[in-house]
Amino acid sequence: MGCQYFEPCDGGATSFTVAIPKLTFGRGTLQEVGTRAQALGLKRVALFTDPHLENGPLVATVKASLDSNNIECVVFADIRIEPDDDTIRRGAAFLKDCKAEGMVSVGGGSVIDTAKAALLIDAHGGDIREYFAAPIGNGKPVPGPLAPHIACATTSGTGSECTSISVIRVNEFNTKFVIASPHLLPVQAIVDPQCCDSLPANVVASTGFDLLCHALECYTARAYTKHLQVKDPNARQLIQGANPFSDLSAREALEIVGTYLPRGVADASDHEARDQLMWGATLAGIAFGNSGTHLPHAMSYGVTHLMNDITTDGYPVKSPFVPHGISVVVSAPAIFNYTAVAEPERHLEGAAFLQADSKGATKDDAGEVLSKRIIELMRATHVPNGLGGVGFGSDHVKALAESSFRQQRAIANAPRESNLTDLENMYSNALSYW
Ligand SMILES: [Fe+2]
């Protein structure tokens with residue numbers, strides 16, 4: 001498989017760009033943050049985290065490491081799960097006051113995404129809303145670099161430490177939108193699997209399905225050669241479709257999650273499984289940061305927009321709340337059944353990487369084989385049974401489709417086109433699986 005195995009298309013891109021931060025992976029690497037910040041020439045940094053980590057051992061380790069390298073740090077912990085535009089305004093105001101030279105973020109996707117967006121406003125001004133695509137904002141491009149950002153991941157799912165994407169809930173619409181720019185990419189990512197040792201089983205399951213969907217969406221995304229060629233190479237978004245580099249990361253991430261997810265959920269002391277899942281999440285983050293996700297993520301936004309009667313234990317937030325990975329995976333089996341017809345080989349390969357039983361399967365079986373394997377993993381890890389399991393019924397399908405249909409950039413990255421009715425049909429097929 002060479003680097004030109006994607007078929008060229010008229011007017012389509014003929015090249016792709018890869019961007020990842022300097023990445024350090026391994027147990028104990030949180031202790032290196034201070035040395036790394038010092039090597040970047042930083043003397044005073046903002047430390048962004050959340051209220052639940054603020055006084056815990058992970059943040060203490062990072063603070064001690066900064067301190068032993070004579071780097072001052074000022075902490076901002078006013079960050080909610082699934083941050084909103086007000087969180088970003090508060091974070092940006094904090095940065096303006098604290099006069100830090102750089103950022104260290106310690107947390108999951110919510111913290112790291114907040115850090116990226118606050119750094120953007122701190123460097124280039126304006127209001128966060130301006131940077132969202134119309135009609136939410138003006139689609140203002142990120143004009144240039146941000147202050148150096150060292151992102152330290154504490155969960156094994158989002159991969160945000162390796163992406164140039166920030167996902168923010170816009171309060172006026174009560175739904176999430178994406179800002180994407182190569183300038184949002186952290187300069188360094190620290191992934192220390194020790195952070196996952198104390199995660200509850202349902203958090204490992206949710207973040208594990210987030211990583212699974214990141215990888216599978218990348219592997220089945222519209223090829224980069226089917227995305228329009230850009231005139232200005234600097235204007236190329238990293239949401240550029242499936243490409244040889246994202247394939248490489250996605251394949252490995254799928255093999256890891258297929259093997260280790262049930263073990264990592266079942267046993268917190270299974271360090272091999274949990275370390276592997278952390279590595280899989282990093283690889284999946286690298287993959288989607290360089291290709292983009294598609295329908296399962298686009299359609300998760302309708303779920304989190306309209307949830308109103310669901311309680312999720314184990315998360316320090318008020319209900320209603322559906323964890324991100326669950327909001328993505330509840331519709332995924334139905335969605336991949338829909339998209340398989342456009343790229344059956346890739347869907348069959350994806351199923352094989354997840355160790356599906358695909359003996360004797362033909363292209364016509366691709367959707368069913370892949371969906372069946374995702375459902376097996378859902379059942380093995382006790383996650384909700386489709387949309388019905390998170391409080392939705394058939395009378396919600398229309399509103400879910402209307403809400404998610406606004407996520408046109410992700411929808412356009414899918415291998416198969418879909419209209420509003422197609423989204424309604426996918427949601428209907430996702431109501432329950434067993
Ligand atoms: Fe995700």
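Start with one pair of residues. Select Phe25 and look across to β8: its bridge partner there is Val191. This is a predicted model, so read every stop as a description of a prediction.

**Stop 1: β1 and β8**

β1 and β8 pair in the parallel sense, over four bridges. Now colour β8, residues 188–191, by the direction of its side chains. Gln188 and Ile190 point one way. Ala189 and Val191 point the other way. All of these residues are buried.

**Stop 2: across to β5**

Stay on β8 and select Gln188. Which residue stands opposite Gln188? Ile150 does. The strands β5 and β8 run parallel and are joined by four bridges.

**Stop 3: the whole sheet**

Now show the six strands together. They form an open sheet, in the order β1-β8-β5-β4-β2-β3, and the pairing is parallel. Which strands stand at the edges? Select 22–25 for β1 and 72–76 for β3. Each has a single partner strand, so one side of each is left without a neighbour in the sheet. Turn the view along the sheet to follow its twist, which averages 20° from one strand to the next.

**Stop 4**

Select residues 44–48 for β2 and 102–107 for β4. These strands run parallel, with four bridges between them. Pick Ala46, and then find Met103, its bridge partner in β4.

**Stop 5: Lys99**

Go to the loop between α3 (85–98) and β4, where Lys99 sits. Lys99 is not a glycine, yet its phi is positive, about 55°. Is Lys99 buried or exposed? It counts as exposed, because it has 9 C-beta neighbours inside 10 Å.

**Stop 6**

Select residues 165–170, strand β6. Five of its six residues are buried, so β6 is largely enclosed by the rest of the structure. β6 and β7 run antiparallel and are joined by six bridges. Val170 stands opposite Thr175 in β7. The two strands form a hairpin, with four residues between them. In the turn, find Asn174, which has a positive phi of about 50°.

**Stop 7: two domains**

Zoom out and colour by domain. The domain assignment gives domain 1 as 28–191 and domain 2 as 201–429. Taken over C-alpha atoms, their centres are 25 Å apart. How many residues does each domain bring to the contact? Domain 1 gives 20 and domain 2 gives 28.

**Stop 8: helix α7**

Select residues 271–289, helix α7. At 1.5 Å a residue, its 19 residues should span 27 Å. Check the distance between its end C-alpha atoms: they are 27 Å apart, which agrees. The helix is mostly covered, with 17 of its 19 residues buried.

**Stop 9: helix α12 and what follows**

Select 366–380 for α12. The helix has 15 residues and reaches 21 Å from its first C-alpha to its last, close to the 21 Å expected. Highlight its buried residues, among them Ala366, Val369, Leu370, Arg373 and Met378. What covers the buried residues of α12? The cover includes α6 (244–266), α9 (324–329), α10 (332–339) and α11 (344–353).

Finish at His382, in the loop between α12 and α13 (397–404). Its phi is near 60°, a positive value in a residue other than glycine. His382 counts as partly exposed, because it has 13 C-beta neighbours inside 10 Å.

Notes. Residues numbered from 1 in each chain as written. Predicted model: local features only at pLDDT ≥ 70, side-chain atom pairs only at ≥ 80, totals over all residues. Pairing = 2+ DSSP bridges. Axes fitted to C-alpha atoms, helices over the stretch in contact; angles between N-to-C directions. Domains from an automatic or database assignment. Contact = placed C-beta atoms within 7 Å. Expected span 1.5 Å × (residues − 1). Buried ≥ 20, exposed ≤ 12 C-beta atoms within 10 Å, placed from the backbone.
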